[in-house]
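This report is an introduction for someone meeting the structure for the first time. Please keep the sequence and the model side by side while reading.

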Amino acid sequence: MPGRAPFLRTALLAAALLTACGATPEPAASPSGTAKPSATPSAAPSEEVAKAAGSVGGPGTACALPVSFSLAEGWEPETVEKPEDPDFAALVEQGPATIVCEAKSEGTSDIGFLRVWTAPKAPARATLTAFVKDDKSKALVLTDVKLGGTAAVEARYSVYSALEEEWRDGRSFAVETAKGTVVVELGGLDAEEEAVVAAYELARSTLKLT
């Protein structure tokens, strides 16, 4: 499958397309606050199990991170540099977090990514809430979990895709480390496909602090 554009190039292209087509359509108003469990987006958990074929975050990997986790076969990580131009810097920021690494499903038939964001040291729940709410989202449900023996928080929600003009399932998790709070987000056009969700579950289940 041909290589796909890096994160920034993709974001700029999407922005250009939206500008050319007119104003971004506004989604329906999202409820305020954290949704009750009954508002969880209806998506069945993936039954597919991804096989680890690499990792990111540890020594000698593509991104130096406060955490490490395994990557599924065909997923390739790369560091994301913050643009010097302030007009483009916002493309790599969401809420209190800044994207520092992106693993993409380059070697698969799916279009998906795992983005790693870092934020100043703060409780994982507060950081993840602010991160999700800074996007067009609704039906947020937060769950306390243990990842790699460390307390963490996972989020399930619906996020609005201006490019596709529809609501899609979103998921991410956050963990507080000595070097700051880390958010790992699943996304991409095929983010709801079983193989892509399985790659996310692999990262989640193998997370370790570095």
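Why does Glu 194 count as partly exposed? The model shown here is a predicted one, and in this model Glu 194 has a relative accessibility of 40%, which lies between the 20% under which a residue is called buried and the 50% over which a residue is called exposed, so Glu 194 is placed in the class between them.

Glu 194 belongs to helix 4, which covers residues 194-205. Together with Glu 48, Glu 192 and Glu 193, Glu 194 forms a negative surface patch.

## The disulfide

A search of the whole structure finds one disulfide, and the residues that it joins are Cys 63 and Cys 101, with a distance of 2.1 Å from S to S. The two cysteines come from distant parts of the chain, 38 residues apart: Cys 63 sits in the loop between strand 1 (52-56) and strand 2 (67-72), whereas Cys 101 sits in strand 5 (residues 97-104).

The link of Cys 63 and Cys 101 is right-handed, with 75° about the S-S bond, and both of these cysteines are buried. In general terms, a disulfide is a covalent bond between the sulfur atoms of two cysteines.

## Salt bridges

Arg 168 is buried, with a relative accessible area of 13%, while Glu 166 counts as partly exposed at 34% relative accessibility and Glu 164 counts as partly exposed at 31%. Elsewhere, a network of salt bridges links Glu 78, Lys 104 and Glu 106.

Asp 169 has its place in strand 9, which covers residues 166-177. With a relative accessible area of 19%, Asp 169 is buried, because the cut-off for that class is under 20%. Asp 169 and Ala 139 are 30 residues apart in sequence, and their C-alpha atoms are 9.9 Å apart in space.

Key: Residues numbered from 1 in each chain as written. Predicted model: local features only at pLDDT ≥ 70, side-chain atom pairs only at ≥ 80, totals over all residues. Heavy atoms only, no water. Disulfide = S-S within 2.5 Å. Helix = DSSP H or I, 4+ residues; strand = E, 2+ residues; numbered from the N terminus. Buried < 20%, exposed > 50% of the residue type's maximum accessible area, 1.4 Å probe, protein only. Patch = residues over 30% accessible without salt bridge, like charges linked within 9 Å, V, L, I, M, F, W, Y side chains within 5 Å. Areas by Shrake-Rupley, 256 points an atom, 1.4 Å probe, with all protein chains shown as cover. Salt bridge = Lys/Arg side-chain N within 4 Å of Asp/Glu carboxyl O. Lys, Arg positive; Asp, Glu negative; His and termini not counted. Charge placed at Lys NZ, Arg CZ, Asp CG, Glu CD.
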